[in-house]
Amino acid sequence: MTADLELVKKHIGEYPDFPKKGILFKDIFTALRSGPVCQAVKRLLVDHVRRNCPDVEVIVGLEARGFLFSLLIAAELGVACVPIRKKGKLPGECVRHEYQLEYGTDTFEIQKGSIATGQKVLIVDDLLATGGTMDAANNLVQQVGGIVVQDVVIMELSTLGGRKKLEAAGSKIHSFLQYDDVE
């Protein structure tokens with residue numbers, strides 16, 4: 001494990017019984033309180049994208065923590081940065097994708113015209129759990145004509161099956177930190 005990755009891992013916060021009893025919440029914001037950790041996260045993300053997705057044209061960040069990382073990567077690489085948000089949060093004409101939650105449904109939106117047909121897209125977020133939101137984002141990007149080259153997350157809760165779900169749908173996923181202790 002690289003020194004940068006060790007530094008980030010050491011600073012990830014853990015909150016038992018949040019958001020509900022029996023869950024051990026892994027918190028990226030705790031880590032981002034440290035300037036050196038912010039620099040390490042930037043190096044990890046940018047180096048990974050340069051090595052593995054050198055021809056990416058658009059970085060998509062998922063609401064809301066994904067926004068922190070998408071602009072950082074896009075600015076460093078000189079490529080576009082596009083948000084995917086919850087329904088009703090973006091102005092102008094939007095394309096929608098409804099997806100299933102554990103108890104109900106939710107809707108992601110992207111502004112029409114923000115990704116051109118055939119553009120190579122990387123989607124970034126802080127955490128992969130069950131894979132539902134990342135899968136919805138992949139579907140939405142494909143719906144508007146983008147080609148998802150990879151999904152990238154800082155942390156993955158391995159036991160919740162998100163990777164299997166995404167890989168079964170044909171997605172490539174990279175996580176920097178994997179955790180098995182979610183309870």
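Modeller: In helix 1, Asp4, Leu5 and Val8 are buried, where buried means under 20% relative accessible area, exposed over 50% and partly exposed in between (1.4 Å probe, protein chains only). They cover an arc of only 95° around the axis, so they sit on the same side of helix 1. That arc is taken from the directions from the helix axis to the C-beta atoms. This is a predicted model: local features need pLDDT of at least 70, side-chain atom pairs count only at pLDDT 80 or more, and totals for chains, interfaces and linings use all residues. Residues are numbered from 1 along each chain as its sequence is written, and side-chain values use heavy atoms, with hydrogens and water left out.

Colleague: Which exposed residues are on the face of helix 1 turned away from its buried side?

Modeller: Ala3 and Lys10. Helices (H or I, at least four residues) and strands (E, at least two) are DSSP runs, numbered from the N terminus.

Colleague: And what covers the buried residues of helix 1?

Modeller: The cover includes helix 2 (28-31), helix 3 (35-52), strand 8 and strand 9. Contact here means heavy atoms within 4.5 Å.

Colleague: How are strand 4 and strand 6 joined?

Modeller: By two bridges, and the strands run antiparallel. Arg85 has Glu109 in strand 6 as its bridge partner.

Colleague: Now His97. Buried or exposed?

Modeller: Buried, because its relative accessibility is 19%. His97 lies in strand 5 (residues 94-101). Leaving aside neighbours within four places in sequence, the contacts of His97 are Asp106, Thr107, Phe108, Ala136, Asn139, Leu140 and Gln143.

Colleague: Last one: where does Val79 lie?

Modeller: In the loop between helix 4 (65-77) and strand 4 (80-86). Val79 is partly exposed, at a relative accessible area of 22%. Not counting residues up to four places away in sequence, Val79 touches Val56, Glu57, Ile59 and Ala74.

How values were computed. Two strands pair if DSSP finds at least two bridges between them.
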